[in-house]
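Hi,

Here's the structure I promised to pass on. Have a look, and my notes follow below.

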Amino acid sequence: MTKVSDRGRPVEEWADDVKPSFVIQGLLDSFGPGSRDTTNCTCCHAEGETTPASVWCSVCDETLCDRCARMHKRFPSTRHHDVLDLSGEVNIARKRKVMCSEHKDECVKFLCKDCKKVTCQTCCVIYHRKCESVVTLESELPALKSKLLFDKENIRQKQILIEKKVDTVKSNVMTEKDRYVQMESKIKSSGRKARETITLKANELLDKLKEISERHIEQLNADIKSGEISVQMYRQQAELIDQTLQSECDMDVYEMYQGCDAGDVEDVGHTDLKEKGRIARITLRQDSDKLSRAVDDLQLGEIDVLYDSDILVVLQSQNNVVHLTESGQFVRNLLTAGDGVDHPHGVCADGRGHVYVCELFSGNINVFTCSDTK
């Protein structure tokens, strides 16, 4: 899998850095610009001559001039080949021939399922005599194409899933921004009720909120960018499979099948959005009584950061819900009996600031809002 060096760069720029796989390179060889010259005779070109081609042999996959075409008809091995006249506008089906790396004059036509290798006829006789399952590559094409279609559907399902996640994160960004605006309004409102000392404390808290909230939004935006990259990579892979299935080349299909079977397609582009130390939620806690009693030691609020890895624990005998760090360090009493907690039995939280507490005896599930608790 190719990693993106800088997620902040536009997709159009970093896409050029992606190295093509053997499947992509094969398709480029077959379908890329300059992959086929149908205007000149292939045989004459090999001799250093440039002669206009008049026909094309679908078996040899070569273009021939009039003279070479006559010679082509004289040989017993080629006289029955299908030849196409190039005098009109003709769309030649381009099919890549893959020759054996050891036996240069033989095409790869067989597949050894035991060794998971494609071979020529000579290799089958020499190296795969003891193998139990050696079939022609052409006979295996339906199964390979079926597997590719299955992999393509899986890729599309993953694409849809990532798109839904991206949409959810985008919605969450707007919600979080609104919440931060509300927090900022509360902080400013409290700051306006005090003198210069209170205003100074308010500005300090605002700076802290700005720092944490910007970091949180930056993380969410990074999630969106990562999701969009994954969606585009999956889309490109799906299109590549389509091109492979339409190429009518046995080897292209098998190589794509091998890439999918090895996990090259499945793993491309996708990275887990979770990471250690990520901010899950930011809330504002205020103590109005303390604000009234101690103007000189005024506390307008605290910025609480709940990370993805943090833990919520119920203390049933104390009617408490405790907030702990991942390492088990105490942060605060999130909910107490004063908030209405009565013999808590289980607890969970969502991404909208809601804490759900199940009571032991009644079986009721009470919903609390973090910003309203101390």
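Y257 comes out as partly exposed, with 22% relative accessibility (buried is under 20% relative accessible area, exposed is over 50%, and partly exposed is in between, using a 1.4 Å probe and protein chains only). Keep in mind that this is a predicted model, where local features need pLDDT of at least 70 and side-chain atom pairs count only at pLDDT 80 or more, while totals for chains, interfaces and linings use all residues. Residues are numbered from 1 along each chain as its sequence is written, and side-chain values use heavy atoms, with hydrogens and water left out.

So what does Y257 pair with? Its partner is Y254, in a tilted aromatic pair with 6.1 Å centre to centre and 40° between the planes. To pair, ring centres of Phe, Tyr or Trp (its six-membered ring) must lie within 6.5 Å; planes under 30 degrees apart are stacked, over 60 edge-to-face, and the rest tilted. The structure holds 1 such pair. Both residues sit in helix α8 (residues 250-261), 3 residues apart, so about one helical turn separates them. Helices here are DSSP runs (H or I, at least four residues), as are strands (E, at least two), numbered from the N terminus. Y254 is buried, at 2%.

Next, T325: this residue is in the loop between β10 (320-324) and β11 (330-335). T325 is buried too, at 19% relative accessibility. Leaving aside residues up to four places away in sequence, T325 touches D310, I311 and V331 (contact means heavy atoms within 4.5 Å).

Finally, Y127 belongs to helix α5 (residues 121-127) and is partly exposed at 47%.

Cheers
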